[in-house]
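Here are a few exercises on pockets. Have a look at the model, try each task, then check the worked solution.

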Amino acid sequence: MTRLVVVGAAGKMGRAVTETAWGDAGFQVKACVDPAGRPPWAGDAKWEAGLGAVLARGDVAIEFGGPEAAAAAARACAECGAGLVSGSTGLSPAHEEAVRQASGEVAVLRAANFSLGILALRRALGAALAGLPGWDVEIVERHHRAKKDSPSGTALALAGDVAAARGLSASSLRHGRNGTAGPRPAGEIGLHAVRGGSWVGDHVVLLAGDGEWVELRHVAQDRSAFARGALAAAVFVSKAPPGLYHLEAAVMP
Ligand code: NAD
C-alpha cells in the first residue's frame with residue numbers, strides 16, 4: 001500500500017487526488033495538508049495546515065498547492081526521506097531549483113500534466129512534426145477562470161517539444177500575437193491562452209501548411225484524469241531511487 005500525504009488538499013486537484021485515492025485499496029491517505037483548512041467533503045480525514053507535522057520516511061507527498069507549496073514540499077520531502085509527486089505549474093526558476101535539489105536526496109516526479117492523453121498527444125506531435133517540416137505551429141489552450149498561470153504549463157511543454165524538434169530557442173515563442181506587424185515569420189511558435197468558465201483543460205496544437213492543416217487536440221473532461229496519473233506516479237516514486245523523473249517513467253516504462 002502506498003502511503004500518501006496530499007498537499008494543497010482543499011483545492012480542486014487536491015480533492016480529485018484524495019477522492020480517487022480513497023476509492024483505491026492500493027492507497028492510504030495518511031494526511032491532507034492545506035492552510036485553507038478542512039473543507040466539508042473531507043469528513044474526518046486527518047488534516048494539517050503544514051507538511052512538517054505529518055511527513056515521514058516512506059510516505060509519498062502528492063503536491064498540487066502552487067509554486068510555493070512545490071518548493072516547500074520538496075524541501076520537506078528531502079529532509080524526511082519521503083518521495084514527491086509534484087504537479088503545480090507556474091514555478092519560477094528558484095522553485096524549480098528547490099525541486100531539483102530535493103531529487104538528489106529522494107525520488108521526485110514532476111509533470112505539468114498527469115493525463116495519459118497528453119502523453120499520447122506529445123508522441124503524436126513528434127510524429128506529425130517529423131512529417132511536416134516547415135509547417136506553422138500554433139498552440140491554443142483553454143482553462144477555467146480561476147487558473148493562476150498562463151500560458152499553461154502543458155502549453156509550454158508542448159511548445160518546448162516543438163522547439164526541440166525544430167532546433168528553435170525560447171525566443172521563438174510568440175505569446176498572443178499582440179501588436180505584431182507584417183506577415184507571420186517562419187520559425188515562430190504561437191501560444192494563445194483562453195480563460196473563462198469551468199474548462200478543466202483543453203489543448204490544441206495546430207499545424208498549418210499551404211492549403212491544408214492538421215489539428216491535435218486533448219480535452220480533460222474532469223480532474224480524475226490527472227488524479228489517476230498522479231497516483232500512478234506515486235506508486236512509481238515509492239519504489240524509485242533518488243532522482244528527477246518524468247511521467248513516462250511511471251506509466252510507459
Ligand atoms: P486550487 O486553487 O483549486 O488549489 C490550490 C490549493 O493549494 C488551495 O486549497 C490552497 O489553499 C492550497 N495551498 C496554497 N498554498 C499552499 C501551501 N504552501 N501548502 C499547501 N497548500 C497550499 O488550484 P488547482 O486547480 O487544484 O491547481 C493547483 C496547481 O496544480 C496549479 O498550479 C495548477 O496549474 C496545477 N495543475 C496541475 C495539473 C497536472 O496534471 N500537473 C492539473 C491541474 C492543475
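**Exercise 1.** Which element gives the most to the lining of the second largest pocket?

*Solution.* This is a predicted model, where local features need pLDDT of at least 70, side-chain atom pairs count only at pLDDT 80 or more, and totals for chains, interfaces and linings use all residues. Residues are numbered from 1 along each chain as its sequence is written, and side-chain values use heavy atoms, without hydrogens and water.

- Start with the term: on a 1 Å grid over the protein atoms alone, a pocket is an open set of points where a 1.4 Å probe fits, with protein on both sides within 12 Å along at least five of seven lines, and lining residues have an atom within 4 Å of a point.
- Next, the centre: R110, A111, A112, R122 and H246 are the closest to it among the 19 lining residues.
- Now the answer: α3 leads, with 4 residues. Helices (H or I, at least four residues) and strands (E, at least two) are DSSP runs, numbered from the N terminus.

**Exercise 2.** Where does the second largest pocket lie relative to domain 1 and domain 2?

*Solution.* Both domain 1 (2–114 + 223–251) and domain 2 (116–220) give residues to its lining, so the pocket sits between them. The domain bounds come from an automatic or database domain assignment.

**Exercise 3.** Which residues are closest to the centre of the largest pocket?

*Solution.*

- The largest pocket holds about 1,000 Å³ of space.
- Of its 43 lining residues, M13, F64, G65, G66 and S88 are the closest to the centre.
- α2 gives the most to this lining, with 5 residues.

Note on methods. Grid points are joined across faces, edges and corners, and a volume is the space filled by probe spheres set on the points.
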